[in-house]
Amino acid sequence: MKICVVGSGYVGLVASIGFCELGHQVVCVDNDQAKLQKLMRGVAPIHEEWVPELLEKHSGIRLTFSSNLAASAKSSEAIFIAVGTPSSRDGDADLSYVEAVARELAGAIGRRSDRAHYKVIVEKSTVPVYTNEWIRRVLLLNGASADNFDVVSNPEFLREGTAVVDFLYPDRIVVGADSDRAAAVMASIYAPLTAGEYYRGEEAIPGPINLEKARLILTSTKSAELIKHASNAFLATKISFINAVANICEAVGANIEEVAEGIGADSRIGSRFLNPGIGYGGSCFPKDLRAFTAVAKAVGYDFRLLEEVEAINEEQRKRFLKKVRSVLWTLKGKRIAVLGLAFKGGTDDIRESPALPIVAELLRENCTISAYDPAAMERAKEVFPEACIEFTETAYQAIENADALLILTEWEEFGSLDLTRVKSLLRYPIVVDGRNMLDAESAATHGLTYISIGRPVVHAKEQSAAPMRETGIRAAATTAGGRL
Ligand code: UGA
């Protein structure tokens, strides 16, 4: 099938190469010329597994790039809208990019009834309920014949860091369509996944699960729109819930890992997304939670639960900073090593990363920061000028001579740090881990005072003669377990 994808951001680009993998002919449209030029040269604008390989595999064969929306849409049977829907000042989704695309698409759809050139317009961006109706209205107001198109909702559930695999090995494909013809077009686009043909092919990229056939869930357009917002809101709720429970664990001396294992073993709850930390970030959860709360308000429902989820998330960063303060006694003039700036491991994305406000606060309190992130440092340099932070080439360089080490992103490599080396490099053997990456016992046997989330504070097992200042720090660390 000939497919046009509007927007070459995370969702648009991954969907484009994903559809090529399924055998479709794709034109990916963007109005950012510089980005298009890079894509045409095969340069991936995002740090994402499989994107460079699949760009190389399909570019110029099944995949082309264009800045001409009208022409690209005209020659396509399905047009996926995957442009940004940022938060407006009131928290609701700013749909101006979606509207601009819909206006331009009207011309490509045509004024005269022509059912032979029928097109399906697909909203793939995360949008509030009723957007589908608005897109339809905008198309009609701009002269598109109602016979020539349908608007469907096909939300995307991919995660950054595993985007391509998530797209090709989905838990479910949701299609919200109010017409049989549109539903049939969508079903045929995804047929290689729902019939399992893709997974049996020799060229399929390896998936995390042995999937025989992907599941297609067909709903009304409004239900599909709600499924996307409700899914993200539920996942964010799960994270805030476990963070709240972690705080109780700290107060009573229980261990959140044991508690999460016990909770997650109930198949009705499930063990995923029960990792406590410094809170969720990224371009989706914070924005979508605000948008869903605004949608609820607009239809007369006060979704206070989501407001609380957001409040717990904010609080989590403050609690982390409090731990750093308690263990270091005073912050002014301290050198702090920060490992991790991205909003989560596996990505260079720092949007709404909880690491950023933590670093900003430490700088405000006159700490010196040496930071390392395997992928996000270039982006972080745009936020924090290099004069404020020393960005290092390795984790160990950041740690050298630091008064404490903070782990702020769940990069796998931070879980396998050489703790003997860490201990020898740190000025004070203190690690405050916002992502529970280290084994607490092992940290202690390597001579580290280790403070994490929802687990008892552990103290260095082999201790050297403590200078005055360190004694103070140890005393603070001891009380941290009870107070935080
Ligand atoms: C999220 C959803 O997981 C995707 O299903 C959805 O498609 C996407 O938003 C979107 O709407 O586009 P993503 O933002 O890439 O994906 O990242 P997640 O893996 O969900 O992580 C979000 C945040 O929650 C990160 O800051 C992560 O560190 C945090 N997190 C995640 C936790 O603190 N604990 C957990 O157990 C899991």
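Leaving aside neighbours within four places in sequence, which residues is Ser153 in contact with?

Modeller: Happy to. Keep in mind as we go that this is a predicted model.

Let's start with your residue. Ser153 sits in strand β6, which covers residues 149-153. Once the neighbours within four places in sequence are set aside, Ser153 is in contact with Glu123, Asn132, Val174, Val175, Gly176, Thr221, Ala224 and Glu225. Is Ser153 buried or exposed? Its relative accessibility is 2%, and the cut-off for buried is under 20%, so Ser153 counts as buried. For another sense of distance, take Met186: it lies 33 residues from Ser153 in sequence, and the two C-alpha atoms are 10.0 Å apart.

Now for a contrast, jump along to Gly415. This glycine belongs to helix α17, residues 412-415. Gly415 has a relative accessible area of 35%, so it is partly exposed. Again leaving out neighbours within four places in sequence, the contacts of Gly415 are with Met437 and Leu438. Between Gly415 and Ser88 there are 37 Å from C-alpha to C-alpha, with a sequence separation of 327 residues.

Most residues other than glycine have a negative phi. Phe273 has a positive one, near 65°. You'll find Phe273 in the loop between α11 (256-264) and α12, and with a relative accessible area of 28% it is partly exposed. Glu352 is not a glycine either, and its phi is positive too, at about 50°. The loop that holds Glu352 runs between β9 (335-339) and α14 (355-364). Glu352 has a relative accessibility of 38%, so it counts as partly exposed.

By type, the lining of the second largest pocket holds 15 nonpolar residues, 1 polar and 2 charged.

Finally, step back to the whole chain. There are 20 helices and 14 strands in it. A compact globule of 484 residues would have a radius of gyration near 23 Å, and the chain has 25 Å, which agrees. Along its principal axes, the C-alpha trace spans about 85 × 50 × 45 Å. Of the 484 residues, 55% count as buried, and Ser153 is one of the buried residues. Contacts between residues 24 or more positions apart make up 72% of those with a separation of 6 or more.

Notes:
Residues numbered from 1 in each chain as written. Predicted model: local features only at pLDDT ≥ 70, side-chain atom pairs only at ≥ 80, totals over all residues. Heavy atoms only, no water. Nonpolar A, V, L, I, M, F, W, Y, C, P; charged D, E, K, R; others polar. Helix = DSSP H or I, 4+ residues; strand = E, 2+ residues; numbered from the N terminus. Rg over C-alpha atoms; globule rule 2.2 N^0.38 Å. Buried < 20%, exposed > 50% of the residue type's maximum accessible area, 1.4 Å probe, protein only. Contact = heavy atoms within 4.5 Å.
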